[in-house]
Amino acid sequence: MFSTDLVPIADRLDAWLCNARQICGDCRFEFPRRQAFHGSIERRSVAGLELTCFSSTPVSFAKFPAEAANSIGRSCIVITQLQGVRRYSQEGTTAVLKPGDSTLIDSGRPWSSNCAGECSRLYLRLPRWLMENRLRLANLPLLPRISGASGLGVTLFRLATSLYQEAQVLTLEEGAAAVEAYLEILRGCVGHRERLGDESSHCPELLSRAEQFIEAHLTEPALGPNEIANAVGISVRHLHRLFLQRESTVTEYIRARRLERCQKDLCDPRFADRSITDIAFFWGFSDSAHFSRCFKRRFGVSPRLFRSHPWSGTWDVDYSEPPRGLAEKSNFRLLYPN
């Protein structure tokens, strides 16, 4: 185990880099808080497989694989998020993990990761051939986000943490049995991508699942097609095809739902003390000017005028951008108290 707490403050960054590169190989690290940096790295072994726990203040890195993509030594890493929120990216796909979530990384391809605060994560490194064999998949999914909030993902998270905690007392045979059980649970979490078969026969169900996921994550600014597709278990391309049924793109649908939520909050007297920007940012917008333009295009009036004028009766709105995929409205009633 290595910890910067055992190293003089002036030498902590160099000591961390030295230890991290022994495990990660060729990486480019960035430290947003260089002066206050602290972290630890602990390595354990289960049935000959390496388990590593990284804990630190914010650190970002870009990883460049040492082995060739077709090398027999190519490996995969199962990442379990223990603390903090961290973003992982590989070949245009991004997974944002919260505590309890898991994902897969193909170490034969470049990838990167970053976080904004204190963060702990657990890496289980396995040979790619073993992963493919145990998951029984011809092609491993790219950065699937396995939620640890409910269902089988919870079991996967608990088993991963148990493997790490008990690694030092498990015999070789016990460790091998535990790893086999872990991979079987992992297969249950990601294998549905293969079992879906003909996706077209599942379109209504998949679209409903995508919309439910969007509703549950509207407040997350990073919500986008990659994260939604990973959660539903389909390709991004198929996700876009699903939303053609709504005569909308995925991005348009998300924006329309966020605008409706903002409109409702601006009407609600309970939120009178909250600023327009606070409401917009709460529902996932990250730029107040952009929000105002979208709101006016959607409802025909600026959010400030919408909120300040005591409208009564029915107001006819000329939608230059209709709320595609939602119940069409030719007018709406503003519910302000007189």
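These entries follow the order in which I looked things up.

**Entry 1, the model.** I noted before anything else that this is a predicted model.

**Entry 2, the six-stranded sheet.** I traced an open sheet of six strands, which are ordered S1-S3-S4-S11-S6-S9 and paired in the antiparallel sense. At the edges I found strand S1 (2-3) and strand S9 (102-106), and since each has a single partner strand, one side of each is left without a neighbour in the sheet. I then looked at strand S3 (residues 39-46) and strand S4 (residues 49-56), an antiparallel pair joined by eight bridges; one residue I followed there was arginine 43, whose bridge partner in S4 is threonine 52.

H2 lies across strand S6 (75-83), S9 and S11, and runs at about 85° to S11.

**Entry 4, a salt bridge in H2.** Of the 17 salt bridges that the structure holds, I looked up the one in which the side chains of glutamate 132 and arginine 128 meet, at 2.9 Å from N to O. Both residues belong to helix H2 (residues 128-135) and lie four residues apart, which is about one turn of the helix.

**Entry 5, the five-stranded sheet.** I traced another open sheet, in which five strands follow the order S2-S5-S10-S7-S8 with antiparallel pairing. Its edge strands are strand S2 (27-30) and strand S8 (93-97), each of which pairs on one side only. Neighbouring strands of this sheet are turned against each other by 15° on average, direction ignored. H1 packs on the sheet by touching S2 and S5, and its direction makes about 145° with that of S2. Within the sheet, strand S7 (residues 86-90) and strand S10 (residues 111-115) form an antiparallel pair over four bridges, and serine 89 has serine 112 in S10 as its bridge partner.

How many cavities of 30 Å³ or more does a search of the whole structure find? I recorded five, and the largest cavity holds about 70 Å³ of space. Its lining includes Ile23, Cys27, Phe61, Lys63, Trp111 and Arg125, and by class the lining has seven nonpolar, one polar and two charged residues. Helix H1 (12-24), strand S5 (60-63) and strand S11 (119-127) each supply at least two residues of that lining.

Conventions
Residues are numbered from 1 along each chain as its sequence is written. This is a predicted model: local features need pLDDT of at least 70, side-chain atom pairs count only at pLDDT 80 or more; totals for chains, interfaces and linings use all residues. Side-chain values use heavy atoms; hydrogens and water are left out. On a 1 Å grid over the protein atoms alone, a cavity is a set of points where a 1.4 Å probe fits but cannot get out, and a pocket is an open set with protein on both sides within 12 Å along at least five of seven lines; lining residues have an atom within 4 Å of a point. Grid points are joined across faces, edges and corners, and a volume is the space filled by probe spheres set on the points. Ala, Val, Leu, Ile, Met, Phe, Trp, Tyr, Cys and Pro count as nonpolar, Asp, Glu, Lys and Arg as charged, and the others, Gly among them, as polar. Two strands pair if DSSP finds at least two bridges between them. Axes are lines fitted to C-alpha atoms, for helices over the stretch in contact, and angles run from 0 to 180 degrees between N-to-C directions. Contact means heavy atoms within 4.5 Å.
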